[in-house]
Every structure is written in structure tokens, then in C-alpha cells.
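Subject: Model handover

Hello,

Please find the model below. My notes come after it.

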Amino acid sequence: MNKTALVDNVIPCTDVVKCAARIGAEIRNIKLSSDLPDRTIAAINGLLLKHKVIFFRDQNHLDDAEQERFALRFGKIVPVPTLGAKKGTMSIFEIDSARGGIRTDFWHVDVAYVDAYPKILVLRAVVIPPVGGDTVWSNTAAALLDLPLPLQRLAADLWAVHNNAYDFAQIDRPSAADKKLYDEIAARTMFETEHPVVRVHPETGERTLVLGVYVKRFLNIPKYDGHRLFDLFQSHITAPENTVRWSWKQGDVAIWDNRATMHYALKDYGDQPRVVRRVAIEGEVPVGVDGRCSVTRIKVIKQPPENAD
């Protein structure tokens, strides 16, 4: 049975509502849990590969432990680094606006500064502001296909250096808390990886762009030219027709294919609280169109002091 037939037999097409033409679908009438049958998990994965990001409303029954157990059905969970982990868990990454923390209001591929960055992310809305706080995702396979063929060939030849050294030019008026947090991250961890600008998706065979905020430069391209190329490719990724915007409600769950998307969490909710919790699924080392794999350049992880929070 092919994947389309599997999805139709397990999840009726009437329960799959597209959110935009190129990306995103809401899946209705499913209660997410770790006990779902294998056929249902396979059908959800098939919808994820097709739509790139899928959404589920009214999942308030999920707690941290069950979110972790459900995410495990899609692969091995990635432990959260020392900074950002929710206390009492190994894999829940909590983004809490009241406590500051990692900024997500820019276009990025999650953890793209490592070689085998996560393939799937499962994000649960815990506290949502009454206004604002949406997240936007982009289809990076569609963005690549929108490029003229000569530019597609150019992108396929390029490699980029990604790292987690934060560039405060990305934040307007960074706060003292922002600077302190990223100084701590830089002191404890440093990652740098060379990725192909175009990777081949290991499950669908699609070609997708790998760019975003963690890109520092292109290999063998002068800085000025590299900036212009980055802006050109990135403009196709962020073009409105390649995106979907999700307006969160408490209890919502979003699952996205981190190999074929980028996303941007809007920070337009003022001082209102916003808390979301994320679990990451281990990914594969990207492979470029020429068969070469991503290469780690730097990997440094320092343990925090025993009395650190």
C-alpha cells in the first residue's frame, strides 16, 4: 500500500484541511498520544512529509511526559543542551517569554549549526497571549524550485558555514539579558558546521535550501558577494506564497519537518506571557546533490558548574 492510500485509510481526507497552497495542514479529530497505532503514526508522518508542517488543535490532555513519549514514536529524542532545558526533563526545551531565553523571532532551521540537526520538531502551546505570538513556516523545497534554473544550479554548488556564535545585528536594541544569555552560551558551547546550501531530503528525495540566521558565510565566496547571494536565496524562502502562518491557541501542537522548512516566531505580543515546549527528533547528516555530507568544523561542549541552575 502506498503512502497516499495509507493516509486515506487511516486519516480521512475530510480530517486534513490545508492551511495554504504550498505548506501546512491542520489534522482534525485525532487525540495525540504515545499509544496511537503504528499505522496512525505512519499516516501522520506521511502527512508531515507532504505538507511540511502539520497542526493539531485541542491537545490539552498532553503533559510534558506524554509529549516526550509521543515524540519518541517518530525517532530518537535529542537531549536538550544545558541552557534552555525545562527543569525536571531531559528533552523538553521551554521557550518562556517571561524568563527571556533563546530568541526565535528570525528565520532559522532549528539547531542548523550541528551536522545531524533535528529532522522533526514537536511543539506544544502551554501559555498563549490573547493577541500575537503567531509562528510562520516556509517551504524551502518550493522556494528552491522558484529560483531560475541557473540559480538553482549555483545554489547546488554552494556550501555555507553555520555556527551558534550570536550576531547581535540580528536583534534590534538587544537587552542586557539577551547579551548575558548568549555570552553564557558562547562560554559553554561552540558549534560550527559546513552544510550544502541544497540538501537532498532522505525520505522524499526533494531538494531543499539550508540557510537561515546561523549562516555566517559561503565557502570560497567573498563576503560582499556572499551577502548578496544570501539575501537573494533567502528572499525566495520568505516569499509569502511559500509560507503558512499559525495563530496559536492553548493546547495546540505543531509538528514540522526541519529538513524542508524554516520558521519565524513573531514577537508581537508585548509583555504578555507566552510559553511553548519543544521536543526534537534526531536527524541525519545532510547530503548535497553531489553526494558529499555536511562536515563538523568545531564542536565544544563545556559542562556547567554543579550548582548552576
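The notes cover the sheets, the helices and the aromatic residues.

This is a predicted model, where local features need pLDDT of at least 70, side-chain atom pairs count only at pLDDT 80 or more, and totals for chains, interfaces and linings use all residues. Residues are numbered from 1 along each chain as its sequence is written, and side-chain values use heavy atoms, with hydrogens and water left out.

Sheets

Helices (H or I, at least four residues) and strands (E, at least two) are DSSP runs, numbered from the N terminus. Two strands pair if DSSP finds at least two bridges between them.

Angles run from 0 to 180 degrees between N-to-C directions, and axes are lines fitted to C-alpha atoms, for helices over the stretch in contact.

Inside this sheet, β5 (residues 120–127) and β13 (residues 253–257) run antiparallel, joined by 5 bridges. Valine 122 is opposite isoleucine 255 in β13.

Another open sheet has 3 strands in the order β12-β6-β14, with antiparallel pairing. β12 (243–246) and β14 (261–265) stand at its edges with a single partner strand each, so one side of each has no neighbour in the sheet. β6 (residues 135–139) is joined to β12 by 4 bridges. Tryptophan 137 has valine 244 in β12 as its bridge partner.

Helix pair

α5 (residues 149–157) and α7 (residues 223–237) pack at about 115°, their axes 12 Å apart. Leu151, Leu154 and Ala155 in α5 meet Leu229, Leu232 and Phe233 in α7.

Aromatic residues

Searching the whole structure gives 8 aromatic pairs. Rings of Phe, Tyr and Trp (its six-membered ring) pair if their centres lie within 6.5 Å. Ring pairs link Phe55, Trp137, Trp246, Trp248 and Trp256 into a cluster.

Best wishes

Methods
Contact = heavy atoms within 4.5 Å. Phe/Tyr/Trp six-rings, centres within 6.5 Å; stacked < 30°, edge-to-face > 60°.
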